[in-house]
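This report describes a single structure, strand by strand and then helix. The sequence and model come first.

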Amino acid sequence: MIVISYRNVYEPIGQEIVETTCPLCKTAADVRLELYRLVIETSGIVRYTKKITSSARCTQCEKDIPVTKWTKPMQDAFEHIKRTTKLEHKVII
C-alpha cells in the first residue's frame, strides 16, 4: 500500500497597509493586507510556489474582511504587489 501525505502551508512574505474605508465598519481606517506564499508539502517533498494570496484586516474594527467585500484600493494594492513581487519556484527533496 502506498501512502501519500499532502499539506498546504501559507508562508508569510510581508504586509501592506492600505488607507481606505472599511467595508464592514464604514470608517476611514487603515487595512492591513497580510501576504502569503503557497507552499505544498507532499510526502517529504516541499514545493515553494509562485502563488501569492492575502488576507485583509481592518485596524479600526479588527475584523477580517472577506475578498468579496474588498474595496478598489485594496484590490489594486494586492494586484500591484502580485505584479512586482518576484518569487522563485523551488523544490526541496
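## Strand β3 and its partners

Arg 57 has Asp 64 in β4 as its bridge partner. β3 and β4 run antiparallel and are joined by two bridges; strands count as paired if DSSP finds at least two bridges between them. Five residues lie between β3 and β4 in their hairpin, and Glu 62 in the turn has a positive phi of about 60°. Strands are DSSP runs of E with at least two residues, and helices are runs of H or I with at least four, numbered from the N terminus.

β3 also pairs with β2, antiparallel over 11 bridges, and Arg 37 is bridged to Ile 52 in β3. With strand β5 (residues 90-92), β3 forms three antiparallel bridges.

## Basis of the model

The model is predicted: local features need pLDDT of at least 70, side-chain atom pairs count only at pLDDT 80 or more, and totals for chains, interfaces and linings use all residues. Residues are numbered from 1 along each chain as its sequence is written, and side-chain values use heavy atoms, with hydrogens and water left out.

## Helix α1

In α1 (residues 72-84), Met 74, Ala 77, Phe 78 and Ile 81 are buried. They lie on the same side of α1 because they cover an arc of only 95° around the axis, taken from the directions from the helix axis to the C-beta atoms. Buried means under 20% relative accessible area, exposed over 50% and partly exposed in between (1.4 Å probe, protein chains only).

Lys 72 and Arg 83 are exposed on the face turned away from the buried side of α1.

Methods. Expected span 1.5 Å × (residues − 1).
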